[in-house]
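Reader: I'm new to this one and would like a close look at a single part. Could you walk me through it slowly?

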Amino acid sequence: MAIRFPSIIQAKNILRQSKLFANQAALMSKDVPKGYLAVYVGESQKKRFIIPVSFLNQPSFQELLAKVEEEFGFNHPMGGLTIPCREDIFINLTSNLNA
């Protein structure tokens, strides 16, 4: 699998779409505090994580979203942003981000 870095315009579009999904997920779930969003992470079984919305502005998180969008599109049946990667990769990435 070749890794392509999205251009600035693509990154902005992905961020815009991600914020839309974040807003929808926040409306659907009352147990998510303001300023956070629910994401579902995992390859087969999905685990729910509550992350700060500010992560959407981080370049490494935007790169992850770009890879997910490129490979899987923006179909999020769980009601929140679905990221089909290994949990340990997601935890490693997000633990290095500033909220």
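Is Glu-63 buried, partly exposed or exposed, and what is its relative accessibility?

Author: Happy to, and keep in mind that this is a predicted model. Glu-63 has 23% relative accessibility, so it counts as partly exposed. The cut-off for buried is under 20% and for exposed over 50%, which means that 23% falls in between.

Helix α3 takes in residues 87-95, and the axes of the two helices come within 9 Å, crossing at roughly 150 degrees. Angles over 145 degrees count as roughly antiparallel, and α2 and α3 are therefore roughly antiparallel to each other. As for handedness, α2 passes α3 in a left-handed crossing. On the α2 side, the residues that meet α3 are Ser-60, Phe-61 and Leu-64. Their partners in α3 are Phe-90, Leu-93 and Thr-94. Sorted by class, this contact has four nonpolar residues, two polar ones and no charged ones.

Phe-90 leads us on to another part of the chain, as it is also one of the residues that Phe-49 touches. Phe-49 belongs to strand β2, residues 47-52. Leaving aside residues up to four places away in sequence, Phe-49 touches Leu-37, Ala-38, Val-39, Val-41, Glu-87, Phe-90 and Ile-91. Take Leu-37 from that list: Leu-37 and Phe-49 are 12 residues apart along the chain, and their C-alpha atoms are separated by 8.2 Å. With 16% relative accessibility, Phe-49 counts as buried, whereas Glu-63, where we started, is partly exposed at 23%.

The side chain of Arg-48 pairs with that of Asp-31 at 3.1 Å, N to O. Arg-48 is partly exposed because its relative accessibility is 30%; Asp-31, at 53%, counts as exposed.

How many such pairs are there? A search of the whole structure finds three salt bridges. We have yet to visit the one between Asp-88 and Arg-86, whose side chains meet at 2.8 Å, N to O. Asp-88 has a relative accessible area of 44% and is partly exposed, and Arg-86 is partly exposed as well, with 41%.

Finally, step back to the whole chain. It has three helices and three strands, and from the N terminus on they run α-β-β-α-β-α. Of its 99 residues, 35% count as buried. If you take the contacts with a separation of 6 or more, residues 24 or more positions apart account for 61% of them.

Note on methods: Residues numbered from 1 in each chain as written. Predicted model: local features only at pLDDT ≥ 70, side-chain atom pairs only at ≥ 80, totals over all residues. Heavy atoms only, no water. Helix = DSSP H or I, 4+ residues; strand = E, 2+ residues; numbered from the N terminus. Buried < 20%, exposed > 50% of the residue type's maximum accessible area, 1.4 Å probe, protein only. Contact = heavy atoms within 4.5 Å. Salt bridge = Lys/Arg side-chain N within 4 Å of Asp/Glu carboxyl O. Axes fitted to C-alpha atoms, helices over the stretch in contact; angles between N-to-C directions. Parallel < 35°, antiparallel > 145°, perpendicular 65-115°, else oblique. Left-handed = near helix turned anticlockwise from the far one by under 90°. Nonpolar A, V, L, I, M, F, W, Y, C, P; charged D, E, K, R; others polar.
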